[in-house]
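Visitor: I have a model open and would like to talk through how its parts pack together. Can we start with the terms we need?

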Amino acid sequence: MKRKIAIAGLGLIGASIAKALKTIADNYVIGYDIDLETLQYAKAHGIIDEAKTDFTAAVCQVDYLILAAPISKSIELLAALDEIQLSQKLIVSDVSSVKQSMITAANQLQNMDISFVGGHPMAGSHKKGVQAAKAHLFENAIYVLTPTKHSKECDVQSLKRLLEPTRSKFLILDAKEHDEMTGVISHFPHLIASSLVHQAKHWEQTHAYLPNLAAGGFRDITRIASSNPTLWQDIFYHNRKKMSLFLEEWITEMKHVKNLVEENNKQEMITYLETAKRYRDGLGTKDKGAIPSYYDLYVDIQDQTGALAHVTKLLADNNISINNIQILEIREGIMGALRLSFATEKLQKISAHTLNESGYETTIEK
């Protein structure tokens, strides 16, 4: 007998999970979405087995439910689920990047047939929507699971087994530590990047040529400010207490830095910068620095033997020099598992063309 899974929300993340689950013959995937065109595309391309525009009809007889809508909408769906008469036990999860709001809502559920385990697959793409879905989007990416008072250990393990086709690296965290860590490394940097852009926009009134200078390293360190504003407002709202705390800490830190600059204490400034450098260099990544700027190309490859060698050989055969290669493990907001950096825009575009001709999907970092 097949496992029935409902996925509510067939955007990039929901549809990619659906595609991964569909690689297992014993899974029967029902897609729910309010957008009829999205459902039609998903059904026509074999992403789901069945399409539903009615939430109750989609979930009343399934074994698992993945809420893949924005955070506020997922909370609404969770409340609606509590009123639905279920025919059997239902394991529910979500994909939200803020966990405390979801866990709080889940802990208020009255229906004892519902077992909620929070989820956050930390992978994404420059692209969005059902058309960008990839079955291997989550390969080697961290997938956080957050149990609740309504979930048992056997439910967590059952969910992990269900999600095994994503080939993610599962990590168990409670809501508080998840939101603090993602707040520090993801949410807060988005806010700071937007603030830096606002500062540049302000100074453009004084220096009209400023945007031309900002086209290099400045664009690198503020890339994330180009993300979906509506989506990020929802994230900031649901993690607002942590964001407020981080802002207070940041203001204190900037006052300290301001004093270092004004007092011109050479050794203290060097120590401050050296401490930051040592910590940054010890993070275990090969990320390029903010300055100088390189031209990045993201290549969508599957994690299999010889995949990296094939890409580099293709480029080498065309006399294309690569400045840096990074295999992306935590890929939130990034298309593909491989980032290649080139010295010039010309090499970047030639490489994209070469790889595209060989069947690779690429995204140019703009």
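Guide: Let us begin with contact, which here means heavy atoms within 4.5 Å; please also keep in mind that this is a predicted model.

Visitor: Okay, which residues of helix H10 are buried?

Guide: In H10, which spans residues 229-238, the buried residues are Trp-232, Asp-234, Ile-235 and His-238. They lie on the same side of the helix, because the arc that they cover around the axis is only 155 degrees.

Visitor: And what covers the buried residues of H10?

Guide: The cover includes helix H4 (71-81), helix H5 (100-106), helix H7 (175-204) and helix H11 (240-263). On the other side of H10, by contrast, Pro-229 and Thr-230 are exposed.

Visitor: What happens at the start of H10?

Guide: There, a side-chain oxygen of Asn-228 comes to within 3.0 Å of the backbone nitrogen of Thr-230.

Visitor: Switching topic: which residues touch the most other members in the largest nonpolar core?

Guide: Those are Ile-7, Ile-17 and Ile-48, in a core that has 33 residues. At least two residues of this core come from each of strand S1 (3-8), helix H1 (12-21), helix H2 (36-44), strand S4 (64-67), strand S7 (142-147) and helix H6 (153-162), and H1 gives the most, with six.

Visitor: What is Ile-17 in contact with, leaving aside its neighbours within four places in sequence?

Guide: With those neighbours set aside, Ile-17 is in contact with Ile-7, Ile-66, Val-95, Phe-138, Tyr-143 and Leu-163. Apart from this core lies another one, of 30 residues, and among them are Ala-58, Leu-77, Ala-106 and also Ile-235, which is one of the buried residues of H10.

Visitor: How many disulfides does a search of the whole structure find?

Guide: Such a search finds zero disulfides. As for individual cysteines, Cys-60 is partly exposed, with a relative accessible area of 23%, and Cys-154 is likewise partly exposed, at 48%.

Visitor: Now the backbone: where is Asn-140, and what is its phi?

Guide: Asn-140 sits in the loop between strand S6 (114-121) and S7, and its phi is near 65 degrees, a positive value in a residue other than glycine. Arg-167, in the loop between H6 and strand S8 (169-172), also has a positive phi, near 60 degrees.

Visitor: Last one, how is the chain divided into domains?

Guide: The assignment gives domain 1 (3-173), domain 2 (177-282) and domain 3 (295-363), and the centres of domain 2 and domain 3, taken over C-alpha atoms, are separated by 29 Å.

Technical notes: Residues are numbered from 1 along each chain as its sequence is written. This is a predicted model: local features need pLDDT of at least 70, side-chain atom pairs count only at pLDDT 80 or more; totals for chains, interfaces and linings use all residues. Side-chain values use heavy atoms; hydrogens and water are left out. Buried means under 20% relative accessible area, exposed over 50%, partly exposed in between (1.4 Å probe, protein chains only). Helices (H or I, at least four residues) and strands (E, at least two) are DSSP runs, numbered from the N terminus. The arc is that of the directions from the helix axis to the C-beta atoms. A polar contact is a pair of N or O atoms within 3.5 Å; within protein, one must be able to donate a hydrogen and the other to accept it, and residues adjacent in sequence count only if both atoms are side-chain atoms. A nonpolar core is a set of buried Ala, Val, Leu, Ile, Met, Phe, Trp, Tyr and Cys residues joined through side-chain atoms within 4.5 Å. A disulfide is a pair of cysteine sulfur atoms within 2.5 Å. Domain bounds come from an automatic or database domain assignment.
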